[in-house]
Amino acid sequence: MSNAKVLPLLESDVAPCCPPLTERAMSAEEAERAAVMFKALGDPIRLRLFSLVASHKDGEACVCDISDVGVSQPTVSHHLKKLKDAGLLTSERRGTWVYYRVEPSVLAAMGRILVSA
(Lines give C-alpha, C1' and ligand atoms only; values in the text may rest on other atoms or scores of the structure.)
Protein backbone atom coordinates (compact mmCIF):
# COMPACT_ATOMS: atom_id res chain seq x y z
CA MET A 1 0.00 0.00 0.00
CA SER A 2 1.35 3.39 -0.96
CA ASN A 3 1.66 6.27 1.47
CA ALA A 4 1.59 8.75 -1.41
CA LYS A 5 -0.84 11.56 -0.84
CA VAL A 6 -2.69 13.03 -3.79
CA LEU A 7 -2.98 16.76 -3.45
CA PRO A 8 -5.99 18.50 -4.98
CA LEU A 9 -5.35 20.94 -7.77
CA LEU A 10 -6.26 24.47 -6.92
CA GLU A 11 -8.37 26.18 -9.50
CA SER A 12 -6.85 29.59 -9.91
CA ASP A 13 -8.38 32.09 -12.28
CA VAL A 14 -5.62 34.67 -12.30
CA ALA A 15 -6.50 37.70 -14.35
CA PRO A 16 -3.86 38.63 -16.88
CA CYS A 17 -1.53 41.33 -15.69
CA CYS A 18 -2.00 43.28 -18.85
CA PRO A 19 -4.19 43.59 -21.91
CA PRO A 20 -3.08 42.05 -25.19
CA LEU A 21 -0.42 44.26 -26.77
CA THR A 22 -2.66 44.95 -29.77
CA GLU A 23 -5.65 46.01 -27.65
CA ARG A 24 -4.26 49.17 -26.07
CA ALA A 25 -1.04 50.60 -24.72
CA MET A 26 -0.01 49.28 -21.33
CA SER A 27 0.01 51.54 -18.32
CA ALA A 28 3.32 51.98 -16.51
CA GLU A 29 2.11 49.62 -13.75
CA GLU A 30 1.01 46.92 -16.22
CA ALA A 31 4.31 47.15 -18.09
CA GLU A 32 6.22 46.79 -14.82
CA ARG A 33 4.31 43.62 -13.87
CA ALA A 34 4.76 42.07 -17.33
CA ALA A 35 8.44 43.01 -17.43
CA VAL A 36 9.12 41.09 -14.21
CA MET A 37 7.77 37.89 -15.77
CA PHE A 38 9.49 38.33 -19.12
CA LYS A 39 12.77 39.48 -17.53
CA ALA A 40 12.86 36.27 -15.52
CA LEU A 41 12.53 34.32 -18.77
CA GLY A 42 15.15 36.48 -20.51
CA ASP A 43 17.98 34.29 -19.23
CA PRO A 44 18.59 31.13 -21.31
CA ILE A 45 19.11 28.91 -18.24
CA ARG A 46 15.90 30.18 -16.60
CA LEU A 47 13.96 29.75 -19.83
CA ARG A 48 15.25 26.21 -20.12
CA LEU A 49 14.38 25.40 -16.49
CA PHE A 50 10.91 26.90 -16.93
CA SER A 51 10.45 24.77 -20.06
CA LEU A 52 11.65 21.65 -18.27
CA VAL A 53 9.15 22.16 -15.46
CA ALA A 54 6.28 23.11 -17.78
CA SER A 55 6.82 20.13 -20.08
CA HIS A 56 7.48 17.60 -17.32
CA LYS A 57 4.98 14.82 -16.67
CA ASP A 58 2.01 16.11 -14.65
CA GLY A 59 3.29 19.68 -14.97
CA GLU A 60 5.63 19.42 -12.00
CA ALA A 61 9.23 18.40 -11.65
CA CYS A 62 11.54 17.46 -8.83
CA VAL A 63 14.64 19.62 -8.72
CA CYS A 64 16.57 16.35 -8.95
CA ASP A 65 15.08 15.76 -12.43
CA ILE A 66 15.83 19.18 -13.92
CA SER A 67 19.30 19.95 -12.56
CA ASP A 68 21.26 18.91 -15.66
CA VAL A 69 21.30 22.21 -17.56
CA GLY A 70 25.04 22.76 -17.69
CA VAL A 71 25.46 24.80 -14.51
CA SER A 72 26.15 23.92 -10.88
CA GLN A 73 23.38 22.98 -8.46
CA PRO A 74 23.66 26.27 -6.51
CA THR A 75 23.22 28.14 -9.80
CA VAL A 76 20.16 26.03 -10.66
CA SER A 77 18.70 26.88 -7.25
CA HIS A 78 19.40 30.57 -7.84
CA HIS A 79 17.60 30.53 -11.20
CA LEU A 80 14.64 28.57 -9.81
CA LYS A 81 14.35 31.15 -7.02
CA LYS A 82 14.29 33.96 -9.60
CA LEU A 83 11.48 32.18 -11.49
CA LYS A 84 9.59 31.65 -8.25
CA ASP A 85 10.06 35.29 -7.17
CA ALA A 86 8.66 36.39 -10.55
CA GLY A 87 5.54 34.33 -9.87
CA LEU A 88 6.21 31.89 -12.69
CA LEU A 89 6.77 28.82 -10.51
CA THR A 90 5.43 27.48 -7.24
CA SER A 91 7.25 24.93 -5.13
CA GLU A 92 6.59 22.32 -2.50
CA ARG A 93 9.11 20.50 -0.34
CA ARG A 94 8.56 16.75 -0.08
CA GLY A 95 11.11 15.22 2.23
CA THR A 96 14.55 16.04 0.86
CA TRP A 97 13.40 17.24 -2.55
CA VAL A 98 11.64 20.34 -3.80
CA TYR A 99 9.05 19.98 -6.55
CA TYR A 100 8.32 22.88 -8.89
CA ARG A 101 5.10 23.53 -10.78
CA VAL A 102 4.05 26.08 -13.38
CA GLU A 103 0.64 27.50 -12.63
CA PRO A 104 -1.56 27.03 -15.74
CA SER A 105 -3.07 30.44 -15.08
CA VAL A 106 0.38 32.02 -15.35
CA LEU A 107 0.92 30.51 -18.78
CA ALA A 108 -2.53 31.63 -19.85
CA ALA A 109 -1.93 35.17 -18.57
CA MET A 110 1.41 35.42 -20.37
CA GLY A 111 -0.14 34.08 -23.55
CA ARG A 112 -2.97 36.61 -23.45
CA ILE A 113 -0.46 39.46 -23.48
CA LEU A 114 1.00 38.27 -26.77
CA VAL A 115 -2.15 37.38 -28.71
CA SER A 116 -4.21 39.68 -30.86
CA ALA A 117 -7.42 41.01 -29.38
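Predicted model: local features only at pLDDT ≥ 70, side-chain atom pairs only at ≥ 80, totals over all residues.
Trainee: How many bridges hold β2 and β3 together?

Mentor: In general, strands of a sheet pair through backbone hydrogen bonds, either parallel or antiparallel. β2 and β3 form a hairpin with two residues between them, and Gly95 in that turn has a positive phi of about 65 degrees. Leu89, for instance, has Val102 of β3 as its bridge partner. β3 covers residues 97-102, and its antiparallel pairing with β2 counts six bridges.

Trainee: And which residue of β3 does Ala61 stand opposite?

Mentor: Look at β1 and β3, which run antiparallel and are joined by three bridges. For Ala61, the residue across in β3 is Tyr100.

Trainee: Which residues make up the uncovered face of β3?

Mentor: In a regular strand the side chains alternate between the two faces of the sheet. In β3 the covered face holds Val98, Tyr100 and Val102. The uncovered face has Trp97, Tyr99 and Arg101.

Trainee: Arg101 has a salt bridge with Glu60, so how far apart are the closest N and O atoms?

Mentor: Side chains of opposite charge can pair when their charged atoms come close. A salt bridge here is a side-chain nitrogen of Lys or Arg within 4 Å of a carboxyl oxygen of Asp or Glu. For Glu60 and Arg101, the closest N and O atoms are apart by 3.2 Å.

Trainee: How far apart in sequence are the parts that this pair ties together?

Mentor: Glu60 counts as buried at 18% relative accessibility, while Arg101 is partly exposed at 24%. Buried means under 20% relative accessible area, exposed over 50%, and partly exposed in between, with a 1.4 Å probe and protein chains only. Glu60 lies in strand β1 and Arg101 in strand β3, so the parts tied together are 41 residues apart.

Trainee: What about Lys81 and Asp85: why are they separated by about one helical turn?

Mentor: Their salt bridge has its closest N and O atoms 2.9 Å apart. Asp85 is exposed, with a relative accessible area of 53%. Both residues sit in helix α3 (residues 73-85), and the reason for the one-turn separation is their spacing there: four residues.

Trainee: Which residues are joined into one salt-bridge network?

Mentor: A search of the whole structure finds six salt bridges. Among them is Glu30 with Arg24, where the closest N and O atoms are 2.7 Å apart. Some salt bridges share partners, and the network they make joins Glu60, Glu92, Arg94 and Arg101.

Trainee: How many disulfides does the structure hold?

Mentor: A disulfide means a pair of cysteine sulfur atoms within 2.5 Å. Cys62 is buried at 1% relative accessibility, and Cys64 is partly exposed at 37%. The number of disulfides is zero.

Trainee: Last one: where is Asp58 found?

Mentor: The phi of Asp58 is near 65 degrees, a positive value in a residue other than glycine. Asp58 counts as exposed, at 61% relative accessibility. As for its place, Asp58 is in the loop between α2 (44-55) and β1.

How values were computed
Residues numbered from 1 in each chain as written. Heavy atoms only, no water. Pairing = 2+ DSSP bridges.
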